[in-house]
Amino acid sequence: MTNRSIALFPGSFDPPTNGHLDIIRRSAGLYDKLYVVVAENVAKHYLFTTDERKHMLEAMVKSLGNVEVVVYSGPVVQFAIEHDVGVIIRGVRAISDFNYEFELALYYKQIDPEVEVLFMPTSPQYFMVRSSAIREMASFGLDVAAMVPPLVARALKKKNRKKA
(Lines give C-alpha, C1' and ligand atoms only; values in the text may rest on other atoms or scores of the structure.)
Protein backbone atom coordinates (compact mmCIF):
# COMPACT_ATOMS: atom_id res chain seq x y z
CA MET A 1 0.00 0.00 0.00
CA THR A 2 1.35 3.41 -0.93
CA ASN A 3 1.72 6.18 1.63
CA ARG A 4 -1.26 8.55 1.35
CA SER A 5 0.53 11.17 3.48
CA ILE A 6 3.13 11.67 0.72
CA ALA A 7 2.21 13.46 -2.51
CA LEU A 8 3.95 14.75 -5.57
CA PHE A 9 3.26 17.65 -7.90
CA PRO A 10 5.00 17.17 -11.26
CA GLY A 11 5.58 19.63 -14.06
CA SER A 12 8.05 21.18 -16.43
CA PHE A 13 7.90 24.50 -14.54
CA ASP A 14 9.36 26.42 -17.49
CA PRO A 15 9.12 28.91 -15.89
CA PRO A 16 7.61 28.36 -12.46
CA THR A 17 4.57 30.62 -12.01
CA ASN A 18 2.46 32.06 -9.22
CA GLY A 19 -0.12 29.44 -10.21
CA HIS A 20 2.40 26.66 -9.58
CA LEU A 21 3.34 28.20 -6.25
CA ASP A 22 -0.34 28.38 -5.28
CA ILE A 23 -0.84 24.66 -5.98
CA ILE A 24 2.39 23.82 -4.12
CA ARG A 25 1.40 25.81 -1.02
CA ARG A 26 -2.11 24.36 -0.94
CA SER A 27 -0.81 20.82 -1.45
CA ALA A 28 1.90 21.22 1.21
CA GLY A 29 -0.88 22.04 3.66
CA LEU A 30 -2.62 18.74 2.92
CA TYR A 31 0.27 16.26 3.05
CA ASP A 32 3.10 15.41 5.42
CA LYS A 33 5.55 15.47 2.52
CA LEU A 34 5.26 16.95 -0.95
CA TYR A 35 7.71 16.29 -3.75
CA VAL A 36 7.78 18.91 -6.48
CA VAL A 37 9.06 16.91 -9.43
CA VAL A 38 10.74 18.87 -12.20
CA ALA A 39 10.41 17.05 -15.51
CA GLU A 40 13.57 16.38 -17.42
CA ASN A 41 12.64 15.43 -20.96
CA VAL A 42 15.56 15.55 -23.40
CA ALA A 43 13.13 15.56 -26.35
CA LYS A 44 11.56 18.83 -25.19
CA HIS A 45 13.06 22.29 -25.62
CA TYR A 46 13.06 24.38 -22.44
CA LEU A 47 13.89 28.06 -21.97
CA PHE A 48 15.46 27.32 -18.58
CA THR A 49 17.78 24.42 -17.82
CA THR A 50 16.68 21.75 -15.42
CA ASP A 51 19.03 23.13 -12.76
CA GLU A 52 17.69 26.67 -13.23
CA ARG A 53 14.10 25.49 -12.85
CA LYS A 54 15.00 23.41 -9.79
CA HIS A 55 16.86 26.29 -8.11
CA MET A 56 14.04 28.76 -8.76
CA LEU A 57 11.51 26.34 -7.26
CA GLU A 58 13.73 25.65 -4.25
CA ALA A 59 13.95 29.38 -3.56
CA MET A 60 10.18 29.72 -3.97
CA VAL A 61 9.38 26.94 -1.45
CA LYS A 62 12.17 27.38 1.08
CA SER A 63 9.68 28.46 3.77
CA LEU A 64 7.71 25.22 3.32
CA GLY A 65 9.49 22.64 5.45
CA ASN A 66 7.71 19.60 4.03
CA VAL A 67 8.44 20.31 0.35
CA GLU A 68 11.34 18.79 -1.56
CA VAL A 69 12.16 19.78 -5.14
CA VAL A 70 13.65 16.98 -7.23
CA VAL A 71 14.50 16.41 -10.88
CA TYR A 72 13.26 13.23 -12.52
CA SER A 73 13.61 12.07 -16.11
CA GLY A 74 11.30 9.05 -16.09
CA PRO A 75 7.54 8.64 -15.92
CA VAL A 76 6.07 10.44 -12.90
CA VAL A 77 4.22 7.32 -11.83
CA GLN A 78 7.57 5.50 -11.64
CA PHE A 79 8.86 8.21 -9.27
CA ALA A 80 5.73 7.65 -7.16
CA ILE A 81 6.42 3.92 -6.96
CA GLU A 82 10.11 4.42 -6.10
CA HIS A 83 9.35 6.96 -3.33
CA ASP A 84 6.22 5.41 -1.78
CA VAL A 85 4.08 8.32 -2.97
CA GLY A 86 0.36 7.76 -2.59
CA VAL A 87 -1.03 10.83 -4.35
CA ILE A 88 -0.13 12.59 -7.60
CA ILE A 89 -1.46 16.14 -7.74
CA ARG A 90 -2.38 17.62 -11.09
CA GLY A 91 -3.31 21.28 -11.41
CA VAL A 92 -6.16 22.12 -13.76
CA ARG A 93 -7.31 25.48 -15.07
CA ALA A 94 -10.00 24.63 -17.57
CA ILE A 95 -11.96 21.76 -19.08
CA SER A 96 -9.29 21.43 -21.78
CA ASP A 97 -6.71 20.78 -19.03
CA PHE A 98 -9.03 18.27 -17.39
CA ASN A 99 -9.39 16.14 -20.53
CA TYR A 100 -5.62 15.72 -20.83
CA GLU A 101 -5.14 15.24 -17.09
CA PHE A 102 -7.92 12.65 -16.89
CA GLU A 103 -6.28 10.54 -19.60
CA LEU A 104 -2.95 10.87 -17.79
CA ALA A 105 -4.58 9.76 -14.52
CA LEU A 106 -5.91 6.64 -16.23
CA TYR A 107 -2.39 5.89 -17.49
CA TYR A 108 -1.02 6.28 -13.95
CA LYS A 109 -3.67 3.90 -12.59
CA GLN A 110 -2.78 1.32 -15.27
CA ILE A 111 0.83 1.37 -14.11
CA ASP A 112 0.10 1.58 -10.37
CA PRO A 113 -3.50 0.92 -9.26
CA GLU A 114 -2.55 2.01 -5.71
CA VAL A 115 -1.71 5.61 -6.63
CA GLU A 116 -4.43 8.23 -6.38
CA VAL A 117 -4.61 11.29 -8.60
CA LEU A 118 -5.95 14.54 -7.19
CA PHE A 119 -7.12 17.22 -9.62
CA MET A 120 -6.61 20.57 -7.91
CA PRO A 121 -8.30 23.50 -9.63
CA THR A 122 -6.31 26.66 -9.86
CA SER A 123 -7.23 29.60 -7.70
CA PRO A 124 -9.30 32.08 -9.74
CA GLN A 125 -6.59 34.75 -9.88
CA TYR A 126 -4.26 32.29 -11.67
CA PHE A 127 -6.76 30.99 -14.20
CA MET A 128 -4.99 32.64 -17.14
CA VAL A 129 -1.42 31.96 -15.98
CA ARG A 130 0.27 29.56 -18.41
CA SER A 131 4.04 29.08 -18.63
CA SER A 132 4.12 29.08 -22.43
CA ALA A 133 2.26 32.40 -22.60
CA ILE A 134 4.54 33.89 -19.96
CA ARG A 135 7.64 32.84 -21.93
CA GLU A 136 6.21 34.42 -25.07
CA MET A 137 5.20 37.68 -23.39
CA ALA A 138 8.58 37.96 -21.65
CA SER A 139 10.39 37.36 -24.94
CA PHE A 140 8.71 40.53 -26.26
CA GLY A 141 9.77 42.46 -23.18
CA LEU A 142 6.27 42.62 -21.68
CA ASP A 143 5.91 42.83 -17.91
CA VAL A 144 5.02 39.43 -16.44
CA ALA A 145 5.71 40.37 -12.81
CA ALA A 146 2.08 39.77 -11.76
CA MET A 147 2.22 36.18 -13.01
CA VAL A 148 5.52 34.95 -11.59
CA PRO A 149 7.49 35.37 -8.38
CA PRO A 150 10.06 38.22 -8.48
CA LEU A 151 13.05 35.87 -8.85
CA VAL A 152 11.44 34.29 -11.92
CA ALA A 153 10.67 37.71 -13.44
CA ARG A 154 14.34 38.65 -13.03
CA ALA A 155 15.48 35.34 -14.53
CA LEU A 156 13.18 35.84 -17.54
CA LYS A 157 14.56 39.34 -18.15
CA LYS A 158 18.13 38.07 -17.89
CA LYS A 159 17.44 35.10 -20.18
CA ASN A 160 15.78 37.31 -22.80
CA ARG A 161 18.60 39.89 -22.69
CA LYS A 162 21.07 37.11 -23.50
CA LYS A 163 18.96 36.02 -26.48
CA ALA A 164 18.73 39.55 -27.93
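**Figure 1. Six helices and 5 strands make up the secondary structure of the protein chain.** The model shown is predicted. From the N terminus on, the order of elements is β-α-β-α-β-α-β-α-β-α-α. Strand E1 covers 3–11 and helix H1 covers 18–28. Strand E2 spans 33–39.

**Figure 2. Overall dimensions of the protein chain agree with a compact globule.** The radius of gyration is 16 Å. A compact globule of 164 residues would have a value near 15 Å, so the two agree. Along the principal axes, the C-alpha atoms fill a box of roughly 50 × 30 × 30 Å.

**Figure 3. Burial, contacts and surface of the protein chain.** Of the 164 residues, 48% are buried. Take the contacts between residues at least 6 apart in sequence: 76% of them join residues at least 24 apart. The accessible surface is about 8800 Å². Carbon and sulfur atoms account for 56% of that surface.

**Figure 4. The largest pocket has a volume of about 1000 Å³.** Its lining counts 41 residues. Pro10, Gly11, Ser12, Arg90 and Glu101 lie nearest the centre of the pocket. By class, the lining holds 18 nonpolar, 14 polar and 9 charged residues.

**Figure 5. Strands and helices both contribute to the lining of the largest pocket.** Strands E1, E2 and E4 (85–92) each supply at least two lining residues. Helices H1, H4 (95–111) and H5 (131–139) also each supply at least two. The largest share comes from H4, with 7 residues.

Technical notes: Residues are numbered from 1 along each chain as its sequence is written. This is a predicted model: local features need pLDDT of at least 70, side-chain atom pairs count only at pLDDT 80 or more; totals for chains, interfaces and linings use all residues. Side-chain values use heavy atoms; hydrogens and water are left out. On a 1 Å grid over the protein atoms alone, a cavity is a set of points where a 1.4 Å probe fits but cannot get out, and a pocket is an open set with protein on both sides within 12 Å along at least five of seven lines; lining residues have an atom within 4 Å of a point. Grid points are joined across faces, edges and corners, and a volume is the space filled by probe spheres set on the points. Helices (H or I, at least four residues) and strands (E, at least two) are DSSP runs, numbered from the N terminus. Ala, Val, Leu, Ile, Met, Phe, Trp, Tyr, Cys and Pro count as nonpolar, Asp, Glu, Lys and Arg as charged, and the others, Gly among them, as polar. The radius of gyration is taken over C-alpha atoms; the globule rule is 2.2 Å times the number of residues to the power 0.38. Buried means under 20% relative accessible area, exposed over 50%, partly exposed in between (1.4 Å probe, protein chains only). Contact means heavy atoms within 4.5 Å. Accessible areas come from the Shrake-Rupley method with a 1.4 Å probe; for residues, only the protein chains shown count as cover.
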